[in-house]
Amino acid sequence: MDVIVPVELGILSGVLIALFLFLRMALSAGTVKSLQFQLAAFLSVWAISEIPRVLDSIGVINLGSISLYGMMIHTVSMVLFAVFITYRFSRFVMVKK
């Protein structure tokens, strides 16, 4: 698979901008228990995890030896995110009744 380095650098800059916005959103949330903070914190971690992937794809670092572990961590994090969203949504629906 051919990697187009300028495109990957564009993705990296987009991820860094998103990370800045998520961190700003987390800091302005007011409380750790707010949905805004929790989502911003999770999305910040997600953005941070994309940075090594982009650096690996353009050849700055080599993650080949740990790519399977990264995929397993990604799968677990997506399952936990689904559980988090389901839990928060169910609390929201139950409060509105």
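Leaving aside neighbours within four places in sequence, which residues is Val-15 in contact with? Val-15 is in contact with Ala-47, Glu-50 and Ile-51, where contact means heavy atoms within 4.5 Å. The model shown is predicted: local features need pLDDT of at least 70, side-chain atom pairs count only at pLDDT 80 or more, and totals for chains, interfaces and linings use all residues. Residues are numbered from 1 along each chain as its sequence is written, and side-chain values use heavy atoms, with hydrogens and water left out.

**View 1. Helix H1 and its buried residues.** H1 has 23 residues; helices (H or I, at least four residues) are DSSP runs numbered from the N terminus. From first C-alpha to last, H1 reaches 33 Å, close to the 33 Å expected at 1.5 Å a residue; the expected span is 1.5 Å times one less than the number of residues. Glu-8, Leu-12, Val-15, Leu-19 and Ala-26 of H1 are buried (under 20% relative accessible area, with exposed over 50% and partly exposed in between; 1.4 Å probe, protein chains only). H2 is included in what covers these buried residues.

**View 2. The largest nonpolar core.** Its 6 residues are Leu-12, Val-15, Leu-19, Ala-47, Ile-51 and Val-54. Helix H1 (5-27) and helix H2 (35-57) each supply at least two residues of this core. A nonpolar core is a set of buried Ala, Val, Leu, Ile, Met, Phe, Trp, Tyr and Cys residues joined through side-chain atoms within 4.5 Å.

**View 3. Ser-44 in helix H2.** Ser-44 counts as buried because its relative accessible area is 5%. Not counting residues up to four places away in sequence, Ser-44 touches Leu-19, Phe-22 and Leu-23.

**View 4. The lining of the largest pocket.** A pocket is an open set of points on a 1 Å grid over the protein atoms alone, where a 1.4 Å probe fits, with protein on both sides within 12 Å along at least five of seven lines; lining residues have an atom within 4 Å of a point. Of the 20 lining residues, the closest to the pocket's centre are Ser-49, Arg-53, Gly-70, Met-71 and His-74. H2 gives the most to the lining, with 9 residues, and helix H3 (67-96) supplies at least two.

**View 5. Ser-77 in helix H3.** Ser-77 counts as partly exposed because its relative accessibility is 22%. Ser-77 and Trp-46 are 31 residues apart in sequence and 9.0 Å apart in space, C-alpha to C-alpha.
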